[in-house]
Amino acid sequence: MSIDPAGRVVRSTASPHSETRRPAPIRTFLHIDDGVTIDSVYDPPSFVYDASRSPTRDLVFVIAHGFTGDVDRPHVRRVVEALTRYGGVVTFSFRGHGASGGRSTVGDREVLDLAAAVAWARELGHARVATVGFSMGGSVVLRHAALYRRGAEGRTDAHPDAVVSVSAPARWYYRGTAPMRRLHWLVTRPSGRLVSRYGFRTRIHHRDWDPVPLSPVEAVPRIAPTPLLIVHGDRDGYFPLDHPRMLAEAAGDHGELWIEPMGHAEHAVGDELLDRIGDWAVTAGG
């Protein structure tokens, strides 16, 4: 066990790279700068057993799940298993989710959680980090990449080398679909927060944003030159296609947009698409 300069506890029982067998996963709690503890898991790469893949050993994916997800949800674990064919994978439960401490701020202070997970991924021996976020997590990876740029003073270890945002909103306070109206009820009403706590294992902070954080579409122009992939479903029931198109327009030449035949976030992403995301990350930011 060791404590890094930011005060995060790191317990390691296995090397992240093994020449003979795949090491066991590592599970620990990261201590975030604002005092919250984050349940986190590292899954070593599995490509030692798959000769058909040609990933690079220095790559690690850091997965930012959607609202009400956590590291143990089956749809999150499915993403992990697919991406370990291309590199190591760090997953974590955002604050207020699962076994993590604190309360969810629905995309605001979650940037701190992601930054700690990225720094931990580098401590495990990986030189390149690809952040992959879904829905709320998609908005977080965009804002994180804008705020934690390569070479930014004091934030070197927490920067991403490639960014994948899946099913993310472009702007805040969107209520144009029935699922988003239900989500706003969960977040803004005391009765909704009770349902979220006991029905979805997600504890939501009762305070409004103050100040309102940088929106995803405002963050995207600040990500360059870090490679950016925006993925969205043509049947997304939460955010229609104007959201990814706004993000892609804001990204300009440094962003790539994939419109896919799918619904929303982790539940809708198929194995073939996860393979293409893995391939993209292997070659991006090299």
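Q: In this predicted model, what does the side chain of Asp70 reach at 2.8 Å?
A: The side chain of Asp70 reaches the backbone nitrogen of Asp72 at 2.8 Å. A polar contact requires a pair of N or O atoms within 3.5 Å, and the value for Asp70 and Asp72 is 2.8 Å.

Q: Where is Asp70 placed?
A: Asp70 lies in the loop that runs between strand S5 (59-64) and helix H1 (74-83).

Q: Why is Asp70 called buried?
A: The relative accessible area of Asp70 is 2%. Buried means under 20%, so Asp70 is classed as buried.

Q: Which residues does Asp70 touch, not counting those up to four places away in sequence?
A: With that exclusion, Asp70 touches His65, Val76, Ser93, Gly98 and Arg201. Contact here means heavy atoms within 4.5 Å.

Q: What is the handedness of the crossing of H1 and H9, and which residues make the contact?
A: The crossing of H1 and H9 is right-handed. On the H1 side the contact is made by Arg78, Val79, Ala82 and Leu83, and on the H9 side by Asp271, Leu274 and Gly278. By class, these are 4 nonpolar, 1 polar and 2 charged residues.

Q: Why are H4 and H5 called roughly perpendicular?
A: The axes of helix H4 (residues 178-188) and helix H5 (residues 190-200) cross at roughly 95 degrees and come within 5 Å. The class of roughly perpendicular covers 65 to 115 degrees, so H4 and H5 belong to it. H4 contributes Trp185, Leu186, Val187 and Thr188 to the contact, while the residues of H5 include Pro190, Val195 and Phe200. By class, the contact of H4 with H5 has 6 nonpolar, 4 polar and 1 charged residues.

Q: What makes H2 and H3 roughly perpendicular to each other?
A: Helix H2 (residues 110-123) and helix H3 (residues 136-147) have axes that cross at roughly 70 degrees and come within 9 Å. The range for roughly perpendicular is 65 to 115 degrees, and H2 and H3 are therefore placed in that class. Among the residues in contact are Leu114 and Val118 of H2 and Val140 and Leu147 of H3. The contact of H2 with H3 has 8 nonpolar, 1 polar and 2 charged residues.

How values were computed. Residues numbered from 1 in each chain as written. Predicted model: local features only at pLDDT ≥ 70, side-chain atom pairs only at ≥ 80, totals over all residues. Heavy atoms only, no water. Helix = DSSP H or I, 4+ residues; strand = E, 2+ residues; numbered from the N terminus. Buried < 20%, exposed > 50% of the residue type's maximum accessible area, 1.4 Å probe, protein only. Polar contact = N/O pair within 3.5 Å; in protein donor to acceptor, adjacent residues only side chain to side chain. Left-handed = near helix turned anticlockwise from the far one by under 90°. Nonpolar A, V, L, I, M, F, W, Y, C, P; charged D, E, K, R; others polar. Axes fitted to C-alpha atoms, helices over the stretch in contact; angles between N-to-C directions. Parallel < 35°, antiparallel > 145°, perpendicular 65-115°, else oblique.
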